Amino acid sequence: MKRSQINRIIAEAGEMIRQFGFALPPFAAWTPQEFRARAPEARGVIEAGLGWDVTDYGQGDFDRLGLFLFTLRNGRQADLRAAGGMCYAEKLLISRRDQISPMHRHMIKAEDIINRGGATLAIELFGSNAEGNFDETAGGTVFCDGVPRAFAPGEVIRLAPGESVTLMPGDWHAFWGEGGDVLIGEVSTVNDDTTDNLFREPLGRFAEVEEDEAPDRLLVSDYARWLG
């Protein structure tokens, strides 16, 4: 993805988030220069991977296959292993109309996916086989706002604003905005995007960035190179 495209996507996402009355934390407004200057005090932000994230899954077609994310908070893997402490994470996502977030599952993370506003959120579901691999013949059961709901293989559930689904590790899912763009909330156990996403097809989790202009905001995937 070109950096100019990423800058535009972040600006558009910020406007949509504001339209729904959601205020981002102060570090969301830091320029790359300010982030670098404040890196020592922002160690927790950097190490937890909080902040802006835009991905086209390495396919170069964001409008068809992509996702915007902002990680608001994220716990510690050590706490999760110890079953105590900060074991949770929270994100905002934007899925554009007919923009696919591709079929995947998580090995560790359980998550609530919440339609925070906009159009309908469509989620296609499959179960796993005994080894945890994708199984086109497997269904399962999820919880929609606390109520169990069985799903057939490949069934699409649709969430209106305010509705949610709870997905457990092993629940294969793809999602998109249906009829328009959707602001999505994600509340989950500790999030590790570098190791805990298993895609049905061989895809990259993060975008490869072409630096055709300077970044307005750093992506989470920029931190290692920009901030050390």
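## Cavity, pockets and buried contacts

E111 lies in strand 5. Helices (H or I, at least four residues) and strands (E, at least two) are DSSP runs, numbered from the N terminus. This is a predicted model, in which local features need pLDDT of at least 70 and side-chain atom pairs count only at pLDDT 80 or more, while totals for chains, interfaces and linings use all residues. Residues are numbered from 1 along each chain as its sequence is written, and side-chain values use heavy atoms, with hydrogens and water left out.

E111 is buried, at a relative accessible area of 3%. Buried means under 20% relative accessible area, exposed over 50% and partly exposed in between, with a 1.4 Å probe and protein chains only. The E111 side chain makes a polar contact with the side chain of H106, at 3.1 Å. A polar contact is a pair of N or O atoms within 3.5 Å; within protein, one must be able to donate a hydrogen and the other to accept it, and residues adjacent in sequence count only if both atoms are side-chain atoms. Beyond its neighbours within four places in sequence, E111 is in contact with H106, V165, T166, L167, H173, E186, V187 and S188. Contact here means heavy atoms within 4.5 Å.

N74 lies in strand 2. N74 is buried too, with a relative accessible area of 9%. A polar atom of its side chain lies 3.0 Å from the backbone oxygen of A48. The N74 side chain also reaches the backbone nitrogen of N191, at 2.9 Å. Not counting residues up to four places away in sequence, N74 touches A48, L50, M86, Y88, A89, V190 and N191.

Next, the spaces. On a 1 Å grid over the protein atoms alone, a cavity is a set of points where a 1.4 Å probe fits but cannot get out; a pocket is an open set with protein on both sides within 12 Å along at least five of seven lines; lining residues have an atom within 4 Å of a point. Grid points are joined across faces, edges and corners, and a volume is the space filled by probe spheres set on the points. In the lining counts, Ala, Val, Leu, Ile, Met, Phe, Trp, Tyr, Cys and Pro are nonpolar, Asp, Glu, Lys and Arg are charged, and the others, Gly among them, are polar.

The whole structure holds one cavity of 30 Å³ or more. The largest cavity has about 150 Å³ of space. Its lining has 19 residues, with L67, L69, H104, E186 and N197 nearest the centre. Two or more lining residues come from each of strand 2 (67–74), strand 3 (88–95), strand 4 (101–105), strand 5 (111–126) and strand 10 (172–189). Strand 10 gives the largest share, three residues. By class, the cavity lining has seven nonpolar, six polar and six charged residues.

The largest pocket is about 400 Å³ in volume. It is lined by 20 residues, and A48, G49, D192, T194 and V220 lie nearest its centre. Helix 3 (43–48), strand 2 and helix 5 (223–227) each give two or more residues to this lining. Helix 3 gives the most, with three. The lining of the largest pocket divides into seven nonpolar, eight polar and five charged residues.

About 210 Å³ lies in the second largest pocket. Of its 15 lining residues, G14, R18, L24, A28 and W52 are closest to the centre. Helix 1 (residues 3–19) gives the most, seven residues. The classes are nine nonpolar, two polar and four charged.

Now the aromatic rings. Rings of Phe, Tyr and Trp (its six-membered ring) pair if their centres lie within 6.5 Å; planes under 30 degrees apart count as stacked, over 60 as edge-to-face and the rest as tilted. The count comes to nine aromatic pairs. Two of the pairs are set out here.

| Pair | Centre to centre | Angle of planes | Class |
|---|---|---|---|
| W30 and F35 | 5.1 Å | 85° | edge-to-face |
| Y57 and F199 | 5.6 Å | 75° | edge-to-face |

The Y57 and F199 pair links distant parts of the chain, 142 residues apart. Y57 is in the loop between strand 1 (51–55) and strand 2, and F199 is in strand 11 (residues 198–199). Both Y57 and F199 are buried, and so are both W30 and F35. Ring pairs join F27, W30, F35, W52, F68, F70 and Y223 into a cluster.
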